[in-house]
Amino acid sequence: MTTAILGTMIVLLLLGFPMMVPLIVASVVGFVAIFGGIGHLETLVQQVIAGIQPASLIAVPMFIFAAEIMTRGQSAGRLIDVVMAFLGHVKGGLAISTAGACTMFGAVSGSTQATVVAVGGPMRPRLLKAGYSDRFTLALIINASDIAFLIPPSIGMIIYGVVSGTSIAELFLAGIGPGLLILVMFSIYSYVYAVRHNVPTEPRMPWPDRLRAVRRAIWPMGFPALIIGGIYGGVFSPTEAAAACVLYALVLEMLVFRQVSPRQLFATAKSTGLITAVVFILVGAGAAFSYVISFAQIPQEILAGIGIDGMGPYGVLFTISIAFFIGCMFVDPIVVILVLVPIFAPVVQATGLDPVLVGTIITLQVAIGSATPPFGCDIFTAIAVFRRPYWEVIRGTPPFVIMLLTVSVLLIFFPQIALFLRDLSIDG
């Protein structure tokens, strides 16, 4: 049965079908093999519907919608400008500003691909003009966008929280420490790169211009304050924070900045609807697939095959990290979370690992895999946006991947990097 289910998925993937098709067909094949027919196939349909019923999933289209509105308006550009105002003049400042802008935009969008578009679009020409190689520039943009998957609101963490039953609010807090650590490491590397290649610095911006940039960015900087402050101040839940974020984006871009017209808003809503439809179909199909493989006890077979039951906490965390990293090199991050989290859930519970730590490590691995060859989704986003060939986009990625994997190892041995803010909020 395991061979039939996994074989069906692999064959359909190799034939080029969208990921939702292999998930659904493999679920049907497994269901028929278990029950000997399609007489009770409505049970599988019920699992699909149950997969998209959790109220927490409402946050996903809300955050996507808010990010789309910001990208069409002025908010993204103003956030980039304020980072440039303070960092542009230091050695490697333009590259550091790019990483910083990815972090700030990630605190609003929660999407790596949206960050590639919103930050990479305006920053790549400036980096090239300043003397950075396109190899370094492309690698910096797609890997710095990984920070958006860790800094709240993270769509990956929302999906993981729904699938695993882990507190999304705690996951949001746990992503801040690793995200900022990655920003620091990328900034150091950018400085070293600029020194080694003698990249000229930008002129120092006068303080009046800096203050003007800050004033222009005050409204967009309200997004992370609204999300983080609202959730942990007890004003609203993560789902309600997403709705508040949309309202804030609408007021900002339509009434304050007046950059988004009603016609553009309709196009933005349509785009969000299409993205959300794909995400929810994947979530529903993933729920049905998880039901089938759990009923068939496939997770137990796989875990027994790799000998994870006899491993300690470190062995389990390393195994999970490797599995998610490799998975996202080939398949969409959301699908990997939906498929692999139920497989590893029993051993995580049996080992007594903190599900928030596990979720943070999984989210980081998913983010790394998204920007790693051969099929990381951010790579193809960059190819489409910047119109550069595949090899040119991936050539500069190894140093960044090494830094990201280093953070992964540090998280395993020093979990307080992720958990200190969560523990602080609980103690408080």
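The structure holds zero disulfides; it is a predicted model. A disulfide is a covalent bond between the sulfur atoms of two cysteines. Cys-245 takes part in no such bond, and the nearest cysteine sulfur, which belongs to Cys-102, is 18 Å away. A pair of cysteine sulfur atoms must lie within 2.5 Å to count as a disulfide. Cys-102 is classed as buried because its relative accessibility is 0%. Cys-245 is likewise classed as buried, because its relative accessibility is 0%.

Attention now turns to Met-157. This residue lies in helix α9, which spans residues 155-164. Met-157 has a relative accessibility of 0% and therefore counts as buried. Leaving aside residues up to four places away in sequence, Met-157 touches Leu-150, Ile-168, Leu-171, Phe-172, Gly-175, Thr-360 and Thr-363. Met-157 can also be related to Phe-63: the two are 94 residues apart in sequence, and their C-alpha atoms are 13 Å apart in space.

Is Val-195 buried, exposed or partly exposed? Its relative accessibility is 43%, so Val-195 counts as partly exposed. The limits behind this class are 20%, under which a residue is buried, and 50%, over which a residue is exposed.

Notes
Residues are numbered from 1 along each chain as its sequence is written. This is a predicted model: local features need pLDDT of at least 70, side-chain atom pairs count only at pLDDT 80 or more; totals for chains, interfaces and linings use all residues. Side-chain values use heavy atoms; hydrogens and water are left out. Buried means under 20% relative accessible area, exposed over 50%, partly exposed in between (1.4 Å probe, protein chains only). Helices (H or I, at least four residues) and strands (E, at least two) are DSSP runs, numbered from the N terminus. Contact means heavy atoms within 4.5 Å.
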